[in-house]
Amino acid sequence: MNDLLIAGGIGIAFGWALECAGLGDPPKLAGQFYLRDFTVLKVMLSAMLTAMLGVFWGGRLGMLDPGALYVPETYLLPQLVGGLVFGLGFVLSGLCPGTSCVALASGRVEGAATMLGLFAGVLLVGLAFPRIEPFYRSTPHGPLTLQRLTGLPYGVVVALVTVVAVSTLAWIAKREAAQ
Amino acid sequence: MRPLRSYAEPHATGVCLGLVLLACFALTGQGLGASGAFASVASGVIAAVSPETAVHSAYFRSYLQDGSPWTAWLVVEIMGVLVGAAASAVLAGRTRLTFVRAVRPSGGRLFAGLAGGMLMGVGAALARGCTSGLALSGGALLSAGAWIFMVALFLAGFLAAPLVRRLWP
């Protein structure tokens with residue numbers, strides 16, 4: 001029960017933040033892929049940087065244990081193919097799974113259409129699963145992280161990702177200032 | 001018709017979203033998600049409609065093994081997302097409920113939304129997560145698979161964008 005209260009509370013804050021950023025607005029999201037609107041990248045990079053640095057420094061200061069967090073497992077081919085198919089769907093609908101709920105909640109009919117499609121998509125995979133299971137489970141690498149992949153220390157990878165992300169944000173700001 | 005209020009500053013909102021994710025990590029040991037909620041609900045529907053089909057697919061089974069799929073963590077989280085987004089839109093004067101007619105999307109856009117949703121459902125199921133659960137949450141934990149997914153997603157999006165330009169004038 002307590003778990004579900006946390007789930008609801010986190011969800012409310014999550015939905016609130018997405019709506020505030022304008023990520024329930026399909027033309028705004030699709031605008032990212034035409035380099036007209038950089039909100040998606042700005043929000044995603046800022047959020048990822050904050051959480052990544054929070055986990056890293058929280059671990060350093062003994063406030064949380066980064067090793068105890070669930071790291072999504074890597075399945076190279078399914079995630080590569082899944083990402084390509086997902087990206088195609090993203091630019092078609094101008095929404096992603098989370099933001100389709102935000103779109104519906106702020107009164108946009110597209111949100112419901114995308115949610116219905118998502119439901120059909122996972123249903124399709126579930127029904128075809130006995131046939132695609134070998135591919136689904138192919139190329140497993142366990143909870144592989146960038147630091148284990150590269151052999152670099154955790155702090156160095158965090159620093160490198162920070163430099164790349166901040167440079168990207170600075171490049172976007174410069175590009176927008178020039179226009 | 002009053003104009004819609006503008007959105008919040010994206011970098012600051014991104015930092016707030018990052019703090020929500022950080023709180024989620026600290027409180028639950030795992031990140032945010034969205035597509036998993038759809039998978040839970042789909043599994044619940046299949047189990048109710050045709051239990052033998054559900055048993056036959058390891059995909060559905062994986063969502064049915066830990067208690068009711070209707071009250072799974074992610075399903076409750078997504079209900080929270082609906083509530084939070086609606087509250088934010090109403091309080092900020094951005095809700096479009098009052099002028100649905102003025103912004104009613106064309107049939108083509110709705111079909112594209114449906115088709116796009118379906119592709120994303122398939123992609124997220126194969127990848128074991130979506131933009132929230134895999135790209136953002138996994139990316140922050142430096143998961144290699146999350147970064148592969150993120151790069152593939154943006155690559156496909158940028159490559160396909162010129163082909164569907166008519167959808168986004």
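Which residues in H4(A) meet which residues in H8(B)? I opened the notebook with that.

**Entry 1: ground rules**

I am working on a predicted model, where local features need pLDDT of at least 70, side-chain atom pairs count only at pLDDT 80 or more, and totals for chains, interfaces and linings use all residues. Residues are numbered from 1 along each chain as its sequence is written, and chains are lettered from A and ligands numbered from 1 in the order in which they are written.

I looked up confidence for chain A. pLDDT is the predictor's confidence in each residue, from 0 to 100. Chain A averages 96, and 99% of its residues score at least 70. I kept one caution in mind: where pLDDT is low, the predicted coordinates should not be read in detail.

**Entry 2: the two chains**

I took helices (H or I, at least four residues) and strands (E, at least two) as DSSP runs, numbered from the N terminus. Chain A has nine helices and zero strands. Chain B has eight helices and zero strands.

I noted the boxes filled by the C-alpha atoms, taken along the principal axes. For chain A the box is roughly 50 × 45 × 35 Å. For chain B it is roughly 50 × 40 × 35 Å.

Next came burial. A residue is buried if 20 or more other C-beta atoms lie within 10 Å of its own, exposed if 12 or fewer, and partly exposed in between, with C-beta atoms placed from the backbone. In chain A, 48% of the 179 residues are buried. In chain B, 56% of the 169 residues are buried.

For contacts I used C-beta atoms, placed from the backbone, that lie within 7 Å. Among chain A contacts between residues at least 6 apart in sequence, 58% join residues at least 24 apart. The corresponding share in chain B is 55%.

**Entry 3: the interface**

I found 103 residues of chain A in contact with 107 residues of chain B. Elements giving two or more residues to the chain A side include H1 (2-21), H3 (39-60) and H6 (109-127). H1(A) supplies the largest share of that side, 18 residues.

I sorted the residues by class: Ala, Val, Leu, Ile, Met, Phe, Trp, Tyr, Cys and Pro count as nonpolar, Asp, Glu, Lys and Arg as charged, and the others, Gly among them, as polar. The chain A side divides into 68 nonpolar, 28 polar and seven charged.

**Entry 4: H4(A) against H8(B)**

Back to my opening question. On the H4(A) side I listed Leu76(A), Gln79(A), Leu80(A), Gly82(A), Gly83(A), Leu84(A), Phe86(A), Gly87(A), Leu88(A), Phe90(A) and Val91(A). They meet Gly145(B), Ile148(B), Phe149(B), Ala152(B), Leu153(B), Phe154(B), Leu155(B), Ala156(B), Gly157(B) and Ala160(B) in H8(B). By class, this contact has 15 nonpolar, six polar and no charged residues.

I checked the geometry. The helices pack at an angle of about 35°, with their axes 7 Å apart. Axes here are lines fitted to C-alpha atoms, for helices over the stretch in contact, and angles run from 0 to 180 degrees between N-to-C directions. H4(A) passes H8(B) in a right-handed crossing (the near helix is turned clockwise from the far one by less than a right angle).

I then took each helix alone. H4(A) has 18 residues and reaches 26 Å from its first C-alpha to its last, close to the 26 Å expected (1.5 Å times one less than its number of residues). H8(B) has 17 residues and reaches 24 Å, close to the 24 Å expected.

Of the 18 residues of H4(A), 14 are buried, so H4(A) is largely enclosed by the rest of the structure. Just after H4(A), Gly94(A) takes a positive phi of about 70°. H8(B) is also largely enclosed, because twelve of its 17 residues are buried. Among them are Trp147(B), Phe149(B) and Met150(B). Their cover includes H4 and H8 of chain A together with H6 (107-127) and H7 (131-140) of chain B.

**Entry 5: two single residues**

I looked up Phe129(A), in helix H7 (residues 129-136) of chain A. Phe129(A) counts as partly exposed because it has 18 C-beta neighbours inside 10 Å. Leaving aside neighbours within four places in sequence, Phe129(A) is in contact with Ser57(B), Ala58(B) and Tyr59(B).

Glu176(A) has 11 C-beta neighbours inside 10 Å, so it counts as exposed. Its C-alpha atom is separated by 42 Å from that of Ser138(A), 38 residues apart along the chain.

Definitions and conventions
Two residues are in contact if their C-beta atoms, placed from the backbone, lie within 7 Å.
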